[in-house]
Amino acid sequence: MSRQIVVPFGPQHPVLPEPIHLDLVLEDERVVEAIPSIGYIHRGLEKLVEKRDFKDYVFISERICGICSFIHGATYCQSVEKIMGVEIPRRAEFLRAIWSEHSRMHSHLLWLGCFADSMGYENLFMNCWKVREKILDVMERTTGGRIIQGVNRVGGVSRDIDAEELKRIASGIPGLRADFTELTRIFDEDLTVQTRTKGIGMLPRDKAWDLGAVGPVLRGSGHAVDTRCTGYGAYDELDFKPVVRNESDCYARCMVRAEELFTSLDLVENAIDRIPAGDILTKVRGNPTGEFHARAEQPRGEVIHYVKANGKKNLVRHRVRTPTLANIPPLVHMLAGCELADVPVIVLTIDPCIGCMER
Amino acid sequence: MKIGVMAITVLKNLVKGPDTIRYPSQPAKVTEATRGHLVNHIEDCTFCSLCQMHCPADAIKVSRPDRTWTLNQFQCVICGCCMSYCPKDCLLIEQTYLPPTTEEIIVTLIGPDEEKPEEQRNGGNRG
């Protein structure tokens with residue numbers, strides 16, 4: 001038996017946009033075990049809920065994450081609306097769905113770029129981010145913010161998208177679809193991508209379920225689980241089928257995300273066709289009482305926002321279960337037995353969002 | 001599995017030139033909705049402190065006795081929360097981004113009183 005050594009990976013590493021530390025126990029070049037440690041960027045955002053008005057806290061909940069910010073804000077609003085018994089206008093739900101899907105597309109494109117970068121494929125990285133810019137332009141035009149939209153309110157949304165703008169978004173969809181097709185083709189056919197991803201970081205179907213994986217990690221292992229199927233918000237009216245792959249390796253998780261770009265585009269198109277006219281914001285009076293778990297599908301998987309209130313303007317408790325935390329045990333399983341050179345690629349396939357996870 | 005799958009894209013990119021702009025020497029893209037920076041029309045301000053109370057980033061300080069409104073632009077996250085509470089609608093967000101800087105910018109605006117006309121210090125009414 002060869003000698004075991006421990007190689008620290010992170011918190012600062014070129015492939016990691018955010019800090020997580022892994023102690024890799026190696027035997028020669030093979031990883032025997034990976035021991036994660038977290039807690040580098042805890043900001044205490046959940047505690048702030050005790051000091052802020054529950055309506056102002058929407059802006060803080062959006063800043064939990066710098067990528068899937070919109071869906072955090074929308075899910076927090078959903079949970080507060082539920083305990084207050086507020087029925088939000090249908091148009092607001094559709095607008096939230098349109099922005100959520102744009103948010104998913106920009107997150108997946110960002111991830112595809114970072115994933116290409118982890119393989120040293122700079123050219124593909126830049127191309128993914130070039131396409132992402134088109135999505136961010138739509139976000140900026142319609143909400144005023146590229147990444148942090150700031151349009152969610154308890155009771156609806158603060159900004160409407162007029163018919164002309166909806167038409168403009170719809171007219172941009174064929175161009176985006178062509179861009180996505182080209183990117184997917186490259187990920188699907190390129191020798192570099194194939195050799196670095198196929199058969200690497202295996203997460204068998206039953207193991208993914210047992211370890212509680214969520215989002216594209218779970219769907220890449222053959223489970224058709226997507227919170228959008230529960231029909232929250234406007235998703236009950238939109239045609240939707242989760243993307244599932246059965247290969248259970250890094251390639252499967254990559255292709256799930258690439259194919260979800262098309263699903264999101266279809267959902268946006270669908271929502272634009274069916275969006276009803278009407279108000280976008282319901283006036284919310286009084287303070288919330290009660291507790292509720294709201295679930296939503298983020299680009300990285302299922303997020304849960306738990307809120308508890310006791311009739312005062314400050315909530316008693318706000319707790320977020322983010323998808324990255326759920327995907328850490330599957331990551332540890334995937335890393336055991338892999339080559340050291342494959343570690344960056346495998347770590348990226350869970351799409352780690354540490355800012356979100358530690359809040 | 002193929003080699004050179006990206007060749008056509010690479011050639012196209014070479015011919016087309018860069019997609020990026022050289023910010024800040026070239027101005028950033030802005031839209032009508034862009035949240036660039038916060039400004040206060042101090043002549044309309046009543047120093048009610050609602051903006052200070054609701055600012056999620058604690059970036060605003062208001063003093064009614066001194067008739068001053070202070071904004072720490074490094075702390076301001078340009079969320080627009082203060083605007084939704086302002087009873088006089090004197091707060092608004094302008095589209096342009098502030099230039100990059102290494103030093104904290106604190107803007108203090110002094111409101112006019114009956115006799116004295118509007119005074120400004122530390123950067124004036126740019127917000």
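Mentor: A residue is called buried if 20 or more other C-beta atoms, placed from the backbone, lie within 10 Å of its own, exposed if 12 or fewer do, and partly exposed in between. By this criterion, 19% of the 127 residues of chain B count as buried. In chain A, buried residues make up 51% of the 359 residues.

The structure is a predicted model, in which local features need pLDDT of at least 70 and side-chain atom pairs count only at pLDDT 80 or more, while totals for chains, interfaces and linings use all residues. Residues are numbered from 1 along each chain as its sequence is written, and chains are lettered from A and ligands numbered from 1 in the order in which they are written.

Trainee: Is A:Arg96 buried or exposed, and how do you know?

Mentor: A:Arg96 has 29 other C-beta atoms within 10 Å. The cut-off is 20 or more, so A:Arg96 is buried. A:Arg96 is found in helix H3 of chain A, a helix being a DSSP run of H or I with at least four residues, a strand a run of E with at least two, both numbered from the N terminus.

Trainee: With which residues is A:Arg96 in contact, apart from neighbours within four places in sequence?

Mentor: They are A:Ala74, A:Val157, A:Gly233 and A:Ala234, contact requiring C-beta atoms within 7 Å.

Trainee: What makes a set of residues a nonpolar core, and how many residues has the largest one?

Mentor: Its members must be buried Ala, Val, Leu, Ile, Met, Phe, Trp, Tyr or Cys, joined through C-beta atoms within 7 Å. The largest such core has 120 residues, and A:Leu112 and A:Ala271 have the most contacts inside it. Helix H3 (residues 90-118) of chain A supplies the largest share, 13 residues. Beyond four places in sequence, A:Ala271 is in contact with A:Phe94, A:Ala97, A:Ile98, A:Ala234 and A:Leu238.

Trainee: Why is chain A called as compact as a globular protein of its length?

Mentor: Chain A has twelve helices and eight strands. Its radius of gyration is 20 Å, close to the 21 Å that the globule rule gives for 359 residues, and it is therefore as compact as a globular protein of that length. The radius is taken over C-alpha atoms, and the rule is 2.2 Å times the number of residues to the power 0.38.

Trainee: What makes E1 and E3 of chain A edge strands?

Mentor: Three strands of chain A form an open antiparallel sheet in the order E1-E2-E3. Strand E1 (4-9) and strand E3 (30-37) each pair on one side only, as edge strands do. Pairing requires at least two DSSP bridges. E1(A) and strand E2 (residues 21-27) of chain A have six bridges, so they are paired. Within this pair, A:Val7 stands opposite A:Leu24 in E2(A).

Trainee: How do you know that E6 and E7 of chain A pair?

Mentor: Strand E6 (residues 289-298) and strand E7 (residues 301-310) of chain A share ten bridges in the antiparallel sense, and at least two are required, so they pair. They form a hairpin with two residues between them. The bridge partner of A:Phe292 in E7(A) is A:Val307.

Trainee: How many residues does each chain give to the contact between chains A and B?

Mentor: The contact takes 17 residues from chain B and 22 residues from chain A. Chain B itself has three helices and six strands.

Definitions and conventions:
Contact = placed C-beta atoms within 7 Å.
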